[in-house]
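Subject: Structure handover and notes

Dear colleague,

Please read them with the coordinates open beside you.

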Amino acid sequence: MKIIKTINDMQSFSKQSMRSGQKIGFVPTMGYLHEGHISLVGEAVKQNDCVIMSVFVNPLQFGPNEDFDRYPRDLKRDEELASQAGVDVLFYPDVTEMYPKERTTKLTVQERVNTLCGESRPGHFDGVATVVLKLLQITLPDRAYFGMKDAQQVAVIKGLVDDFNVPVEIVPCPIIREKDGLAKSSRNVYLTPTERKEAIQLSRSLRAASKALSDGEINPERIKDIVSTYLSETSGSIDYVEVLAYPALEKVHVITEDVIIAVAVQFSAARLIDNIVALKSEIAIGV
Ligand code: AMP
C-alpha cells in the first residue's frame with residue numbers, strides 16, 4: 001500500500017490511473033478504523049481496480065466545543081487495517097496541506113441540514129461538503145463509498161455532487177454493528193462500561209420502531225414515542241428522535257413514503273447516532 005501525503009502527488013497518481021483505464025473507488029474517513037470503514041473498502045475493492053482511502057480529521061466540520069482535539073487517532077493501526085483490507089493508496093494529508101490559506105470561496109449547504117445533526121451541529125455539513133468536494137477533486141474517483149450510519153451525510157453529499165455535476169457515483173453502504181446491535185463508531189471508545197451497556201438501547205429502539213411500522217403504525221409521533229421510551233432508559237440525554245422523509249429529510253405527518261428514523265444521544269464523553277431507513281415497500285401502510 002502506498003502512502004501519499006500531498007495533493008499534487010495524489011492527483012498525479014489518480015490521473016495516471018485514469019489514463020491507464022483503471023476505475024478508482026474512494027473511501028473518505030477520519031481514521032481510527034473499524035469494521036464499518038473496512039466494509040466500505042470491501043465494496044470498493046469489489047467494484048474498482050484501485051482503492052484510495054483518505055484519513056483526515058477535518059477541523060472544518062467540528063464546532064468550537066466539539067471533540068476535534070481529542071478525536072481518536074492511530075495512523076500505524078490504520079495503515080495495517082487499510083492495507084489488509086485491500087486499500088491501494090492511503091491519502092493522509094495534514095491540515096495545512098488541505099487548508100493552506102484563508103479560502104476565497106465558501107460552501108454553504110442549503111437543504112437537508114436544518115434538522116438532525118445539522119440542527120444540533122451548526123456549520124457541520126458546510127465543513128463536510130467542503131472537505132468531500134476537495135477530496136473528490138484530489139482523488140478523482142469513479143465511485144465514492146459512504147456509510148448509511150451517517151445517513152444525513154449521504155443525503156447532503158448526493159445533493160452536492162448533483163449541484164456541482166461532480167462525475168462520481170455515490171455508493172451508500174449498510175451500517176455495520178457490534179454483535180449486540182450497537183452501530184460501530186470510532187467514538188464508541190469514549191463510552192464508560194455502563195454507558196456501553198446502555199448504548200444498545202439505540203438500536204433496540206430502532207428495531208422496535210421498525211416493527212411498529214411493519215405492523216401498520218403510520219403516525220410518526222407514535223413511532224417517536226416508542227423510540228424515546230427505549231432511549232430514556234439510558235443515562236444519556238436525547239439530542240433528537242426524528243421520523244423524516246428520506247432523502248429529502250422533510251417532516252411527514254403520515255408515513256406513506258420512504259422514511260428515516262434517526263436518533264442521537266449524548267453520553268458523558270461520546271455523542272452516538274443511529275438510524276434505520278424504512279422503505280415504502282417494507283411498510284405495511286394502514287394494515
Ligand atoms: P468517519 O471516519 O466517522 O468519518 O466515517 C467514514 C465513513 O465510514 C463514513 O462514510 C461513515 O458513514 C462510515 N461509517 C462509519 N461507521 C460506520 C458503520 N458502523 N457502518 C458503516 N459505515 C460506517
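This is a predicted model: local features need pLDDT of at least 70, side-chain atom pairs count only at pLDDT 80 or more; totals for chains, interfaces and linings use all residues.

How are helix 6 and helix 7 oriented to each other? The axes of helix 6, residues 124-139, and helix 7, residues 151-163, come within 10 Å and cross at roughly 55°. An angle counts as roughly parallel under 35 degrees and as roughly perpendicular from 65 to 115, and helix 6 and helix 7 are therefore oblique to each other. The crossing in which helix 6 passes helix 7 is right-handed. On the side of helix 6 the contact is made by Phe125, Val128, Ala129, Val132, Leu133 and Leu136, and on the side of helix 7 by Gln152, Gln153, Val156, Ile157, Leu160 and Val161.

Helix 1 contributes Ile7, Met10, Gln11 and Ser14 to the contact, while helix 6 contributes Gln137, Ile138 and Thr139. The residues of this contact divide into 3 nonpolar and 4 polar, and no charged residue takes part.

A further pair is formed by helix 9, residues 200-214, and helix 10, residues 220-231, whose axes come within 8 Å and cross at roughly 155°. Since angles over 145 degrees count as roughly antiparallel, helix 9 and helix 10 are therefore placed in that class relative to each other. Their crossing is right-handed. The contact involves Gln201, Leu202, Arg204, Ser205, Ala208, Ala209, Ala212 and Leu213 of helix 9, together with Ile223, Ile226, Val227, Tyr230 and Leu231 of helix 10. Its residues divide into 10 nonpolar, 2 polar and 1 charged.

Turning to the domains, the domain assignment of the protein gives domain 1 as 2-173 and domain 2 as 186-277. The C-alpha centres of domain 1 and domain 2 lie 26 Å apart, and 22 residues of domain 1 are in contact with 19 residues of domain 2. Between them the two domains bury about 1800 Å², of which 56% is on carbon and sulfur atoms.

Finally, there are two points of backbone geometry to look at. Most residues other than glycine have a negative phi, and most peptide bonds are trans. Tyrosine 32, although not a glycine, has a positive phi of about 55°, and this tyrosine 32 lies in the loop between strand 2 (24-29) and helix 2 (35-47). The peptide bond from tyrosine 246 to proline 247 is cis, with omega near 10°, and proline 247 has its place in the loop between strand 7 (237-245) and strand 8 (259-266).

Definitions and conventions:
Residues are numbered from 1 along each chain as its sequence is written. Side-chain values use heavy atoms; hydrogens and water are left out. Axes are lines fitted to C-alpha atoms, for helices over the stretch in contact, and angles run from 0 to 180 degrees between N-to-C directions. Helices (H or I, at least four residues) and strands (E, at least two) are DSSP runs, numbered from the N terminus. A crossing is left-handed if the near helix is turned anticlockwise from the far one by less than a right angle, and right-handed if clockwise. Contact means heavy atoms within 4.5 Å. Ala, Val, Leu, Ile, Met, Phe, Trp, Tyr, Cys and Pro count as nonpolar, Asp, Glu, Lys and Arg as charged, and the others, Gly among them, as polar. Domain bounds come from an automatic or database domain assignment. Buried area is the accessible area (1.4 Å probe) that two parts lose on being put together, summed over both.
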